[in-house]
Each structure stands twice: as C-alpha cells, then as structure tokens.
Amino acid sequence: MTRLAGAIDGVIGVDTHRDTLAAAATDPVGGLLAQTSVSADAVGYRRLLDFARAQVPGRRCWAVEGAGSYGAGLAAFLQAQGERVVEVGRPKRPPRRTGAKSDALDAVRAAREALTHDHPLAPRRRGDREALRVLLATRHSACVAKVSAINQLKALIVGAPEELRAELRGLATKRQVVRCVRLRARPARSLEHRMTVRALRSTAQRIQLLATEAAELGDELERLVAAIAPWLLELPGVGPISAAQVLVSWSYAGRLRSEAAFAALAGANPIPASSGQVTRHRLNRSGDRQLNRALHTVVVARLRDDPATRAYAARRTSEGKSARDIRRCLKRAVARQLFKLLERCDRPGVEVVTL
C-alpha cells in the first residue's frame, strides 16, 4: 500500500475492545468529522459501515487497531464488503502529553496515525493461514507448559526424601519422567514419602500428556504446510514449525511491499549503529519475534548441515565478522529468499521453484 494522504476522502479510525468499538471519521488531513460507538458484533459492524458511508461517502479507508485480535471480526466483515482496511498499532503510552486517554481519543489517533504512514499495512487474511496460527499458538502453549512441568519435577526431586532422590537424581530427564510415572506409594512409608510420590507421578503424567499434545499438533501443522506450500519443506533448514510461522507472518502475496519490508517485519534488517569514525550495524530487536525465531532456527540448521552456508560462514569469519554478525547476515539472506519464493509461488499460474 502507498501513503493514504491525497488518495482518499477520509479515514475511519476504530479503537477495538471485546464488547465495544469506538470509531472516529476524519477528513484527508486528520480533521475530526464525527464519532460513534457500537457493539462488537454483526449488528454493530453494519451500523459502523452505515456511519462510514454517511460521513465519508467517497473514497475512504479504515484504520483498525488490533485487526488480528479484537478487531478481527470487523476487519473480515469490512474486507468482505470491499472496503479498504489498514492495521495500526496500539499505543504503548498515552498519546497526549496530559495523559488524556479514552476510546474516542484512541479512535481519532488511529485515523491520524494511518494518514502519517508511508506504507500502511493491510491486515492478515484468515482461512488456512488462520488455521496455522491457532495451531501454532496452541502448540507453543503446550511446549511452555511442558517446560514448566519439567522444572517443577526437577524441584520436587531435589527436595524429595533421600531414598527417592538417590533413585532419580542420576537419570536423564526422559528416564526420570518414565520412572516417576511408575512410582507407587507404599502404605508402610511416611506421609511425606507417599505424598511426594503422588506429586512426582502426577507431574510426570502431565509432562507426557503435554509432550503427546505438542507432537500431535506438530504433525497436524506439517500436514497443513504440505497442503498449502509443500515446496517450503524442501528448502534447506526449513521444518514444518518454521514453515508454518513464515506462512502465518507473511499471510498472502502483495501484503508486504518488498523483501526489505518482510525483513523489517521479522526484525532481521540491520539497524545502523554508526558513530564518528565507526561504521557498523546492530541486531534489530523489534518486529515479529516469532518470525525472527523461525528465521534463526533455519539459519542454525543451515550452519549445521548446509555446505554452502558453512562455506559462507567460514569466509565471513576470515574477514573478521563475529558469529552474531554472520547470523544476522544469514537471517537477512533467508528472509530475502523466502519472501521472493512466497510471492512467486502464491500467484496462480506461476510454476513453483525450489532451491
């Protein structure tokens, strides 16, 4: 998308919440025309569209906060009606020096912020990529809960009665989990011993259940990726989880204007950090951190298994580059490669090319 100023007759900014939507219509230079508030449901969406048609009957654009969460339903409804929708970020601090904040003020800020962007960002599409997103989020939650349960199991073993601790402390984590699942309380033991066995067994069973859940979700993700973009899985270092995250963040062809924008979204673009006679760049710690982690995983796998990547790393090391700088350069190169392939292969009638 190009800059909105000069290309539209007005903007409708929307501040989204779970139950309500606050909207403000502005003219092409950000002047306030009217405001309203509706319920966050199908009836409210229709009322909001009628409000926009009355206030900005010509060329208009919608600036929706949280188009991937509370504003997802509104964004999908508007796109189905042929409306132009862009996504704006939520403010991290009050937008006014006085600290004044309200839903109405946030709606006006959203509209004016969309007018200032050189390249407004369109919301992600739903459908198969939303299916990938919900599976990724659920699998991530299961993995985090599994790590938490393993830490709890380790802590229980450290504080367990000496007989139990001596039996379990020298084993690897997987064997500790299996052994704890098989533990049985004996009536002759003390209350502390019996309850510790109960806690160890319950925690180990939870770990096994979460591991099974994560594995099943990973298999489902692999099937979906193979159906949507099977060529992604043929690229060096790209597994089903990384491929799914790339598809979710990229969303569809044309959403991002260039491979540089995709790299910026992933936080893989170099940030100038020069001063005086020192010319250098640093890592970007912004952007979509889940996408950044997927690119990092691809780079680590290629550094381990891909001869071309290993040769590149050796050459840059001889030039004085640090390991961190080499990974940054590789992440930028991977972002460029993936974006070009995604844009090319998502268009009908274009032959799929793999590397």
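Of the contacts in the chain with a separation of 6 or more, 62% join residues 24 or more positions apart. Contact here means heavy atoms within 4.5 Å. The model is predicted, so local features need pLDDT of at least 70 and side-chain atom pairs count only at pLDDT 80 or more, whereas totals for chains, interfaces and linings use all residues. Residues are numbered from 1 along each chain as its sequence is written, and side-chain values use heavy atoms, with hydrogens and water left out.

The chain has twelve helices and seven strands. These are DSSP runs numbered from the N terminus (helices: H or I, at least four residues; strands: E, at least two). The C-alpha trace spans about 80 × 55 × 50 Å along its principal axes. Of the 355 residues, 41% are buried. Buried means under 20% relative accessible area, exposed over 50%, and partly exposed in between (1.4 Å probe, protein chains only).

Two helix pairs were examined. Axes are lines fitted to C-alpha atoms, for helices over the stretch in contact, and angles run from 0 to 180 degrees between N-to-C directions. Helix H4 (residues 128-158) and helix H6 (residues 173-181) have axes that come within 11 Å and cross at roughly 75°. H4 is therefore roughly perpendicular to H6. Angles of 65 to 115 degrees count as roughly perpendicular, under 35 as roughly parallel, over 145 as roughly antiparallel, and the rest as oblique. H4 contributes Ile150, Leu153, Lys154 and Ile157 to the contact, and H6 contributes Thr173, Gln176, Val177 and Cys180. By class, the residues of this contact are five nonpolar, two polar and one charged. Ala, Val, Leu, Ile, Met, Phe, Trp, Tyr, Cys and Pro count as nonpolar, Asp, Glu, Lys and Arg as charged, and the others, Gly among them, as polar.

The second pair is helix H11 (residues 307-318) and helix H12 (residues 323-345). Their axes come within 10 Å and cross at roughly 135°. H11 and H12 are therefore oblique to each other. Thr309, Tyr312, Ala313, Arg316 and Thr317 of H11 meet Ile326, Cys329 and Leu330 of H12. This contact of H11 with H12 holds five nonpolar, two polar and one charged residues.

Two individual residues complete the picture. Thr203 lies in helix H7 (residues 191-228). Thr203 is buried, with a relative accessible area of 2%. Beyond its neighbours within four places in sequence, Thr203 is in contact with Ala149, Gln152, Leu153 and Leu156.

Ser251 sits in the loop between helix H8 (240-250) and helix H9 (259-265). At 1% relative accessibility, Ser251 is buried. Its phi is near 80°, a positive value in a residue other than glycine. Neighbours within four places in sequence aside, Ser251 is in contact with Arg124, Arg125 and Arg129. Ser251 and Pro57 are 194 residues apart in sequence and 30 Å apart in space, C-alpha to C-alpha.
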